[in-house]
Amino acid sequence: MPIVEMAKIWMDGELVDWHDATVHVLTPTLHYGWGVFEGIRAYETDRGPAVFQHRAHMERLHKSARILEMEIPYSADELMAATRELIRVNGPRSCYIRPIAYLGYGQIGLNPLPSPVKVAIAIFPWGTYLGDEGLANGVRAKTSSWVRIGANMIPTQSKCCGVYINSSLAKVEALKAGYDEAILLNEHGNVAEGSGENVFIVKDGVLMTPPLTAGILEGISRKAVMRFAHDLDIQFVETDLLRHDLYLADEAFYSGTAVEVTPIRSVDDREIGAPGPVTKQIQDLFFNVVKGKEPRYESMLDFVYGP
Ligand code: PMP
């Protein structure tokens, strides 16, 4: 997906021109993938742009870094203030937000600890990740031949740069085979997650999703879906799922910042039919919340120009 350029990028406390936001070719993160990042969305509301679950994302960036023994020199509050400023300066009505903490230039070799930790935040307009048609009528998913990396290989609760090779391999495989998105199984053969999203199914009216012990990223949208399900009186359980549970599901969907809540129409060509009623209920509430139309959930939004 080509990037839509904006005027400024935040780098270590400075707002720099878009094309000057560069790093040296010997920055170790480029070579070894030692870095952590976030994906966040700001939505258009009638009070200007609002960042969905802003604090949760910046806190997850810190958690990701902590697992890798990286010390981010800015607090979650400072990073949130930087993002709000960046949105005000660049002026989009809605956008995707990409903070990244990486190792700065100066050291080389596999010990990351002596390297300085640098932080950048970029924002840019970004439409629906799997397309408007996918959002409305569901996407075609493929079980990947790539196994989701295990927590004792690379910690799965750290949203770290290098691990995304695993995700990208699965994504490319799915696309080349004519599907929209992948579903990865874990090393035990249970359903883990999509290449960049969590997976839910509905069976006999019960909403189900794999537990964190399946080696998945704890999605912030996943947590929001769980809260919405509770508030909508939808029965919900975190449980290990096998591949055939996907085939026999009454409904299935992905959740994630990029993908939002996107129905899954089929898995490995087994038609599920989408969007089902539970998916639709959750999807409708999700979009109302992020657009600031549900006062009850307003604490999930950080209004860039104040509440
Ligand atoms: N799993 C993976 C591997 C991801 O990259 C993402 C996107 N961050 C998710 C799940 C969904 O997480 P979130 O809802 O926080 O965007």
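A residue counts as buried when its relative accessible area is under 20%, as exposed when that area is over 50%, and as partly exposed in between. With that scale in hand, let us walk through this structure, which is a predicted model.

Start with Phe236, which belongs to strand S13, residues 236–238. Its relative accessibility is 26%, so Phe236 counts as partly exposed. If you look for Met226, you will find that it and Phe236 are separated by 10 residues in sequence, while their C-alpha atoms are 7.6 Å apart.

Now let us move to the ligand, which sits in the largest pocket. Which residues come nearest to the ligand? Of the 15 residues around it, these are Tyr164, Glu193, Ile220, Ser221 and Thr257. Sorted by class, the shell is made of eight polar, four charged and three nonpolar residues. Two helices deserve a glance here: helix H2 (54–67) and helix H6 (220–231) each contribute at least two residues to that shell.

In Glu193, an N or O atom of the side chain is 2.6 Å from a nitrogen atom of the ligand. Ser221 places a polar side-chain atom 2.5 Å from an oxygen atom of the ligand. For Thr257, the distance between an N or O atom of the side chain and an oxygen atom of the ligand is 2.6 Å. How much of the ligand's accessible area does the protein cover? On its own the ligand has 380 Å² of accessible area, and the protein covers 96% of that.

Next come two residues whose side chains pair with another side chain of the protein. Asp302 is part of strand S17, residues 301–303. Is Asp302 buried or exposed? It is buried, because its relative accessibility is 15%, and the cut-off for buried is under 20%. The side chain of Asp302 makes a polar contact of 2.7 Å with the side chain of His54.

Thr279 is the other one, and you will find it in helix H8, residues 277–290. Its relative accessibility is 0%, so Thr279 counts as buried. The partner here is Glu251: the two side chains are joined by a polar contact of 2.6 Å.

From there, turn to the loops and to the backbone. Most residues other than glycine have a negative phi. Asp204 lies in the loop that links strand S11 (198–203) to strand S12 (206–209). With a relative accessible area of 64%, Asp204 is exposed, because exposed means over 50%.

Asp269 also has a positive phi, in this case near 70 degrees. Its place is the loop between strand S15 (260–267) and strand S16 (270–271). Asp269 has a relative accessibility of 44%, so it counts as partly exposed.

Ala151 is located in the loop between strand S8 (139–143) and helix H5 (164–176). The relative accessible area of Ala151 is 41%, and it is therefore partly exposed.

Notes: Residues are numbered from 1 along each chain as its sequence is written. This is a predicted model: local features need pLDDT of at least 70, side-chain atom pairs count only at pLDDT 80 or more; totals for chains, interfaces and linings use all residues. Side-chain values use heavy atoms; hydrogens and water are left out. Helices (H or I, at least four residues) and strands (E, at least two) are DSSP runs, numbered from the N terminus. Buried means under 20% relative accessible area, exposed over 50%, partly exposed in between (1.4 Å probe, protein chains only). A residue is near a molecule or strand if one of its heavy atoms lies within 4 Å of it. A polar contact is a pair of N or O atoms within 3.5 Å; within protein, one must be able to donate a hydrogen and the other to accept it, and residues adjacent in sequence count only if both atoms are side-chain atoms. Accessible areas come from the Shrake-Rupley method with a 1.4 Å probe; for residues, only the protein chains shown count as cover. On a 1 Å grid over the protein atoms alone, a cavity is a set of points where a 1.4 Å probe fits but cannot get out, and a pocket is an open set with protein on both sides within 12 Å along at least five of seven lines; lining residues have an atom within 4 Å of a point. A molecule sits in a cavity or pocket if more than half of its atoms lie within 2 Å of its grid points. Ala, Val, Leu, Ile, Met, Phe, Trp, Tyr, Cys and Pro count as nonpolar, Asp, Glu, Lys and Arg as charged, and the others, Gly among them, as polar.
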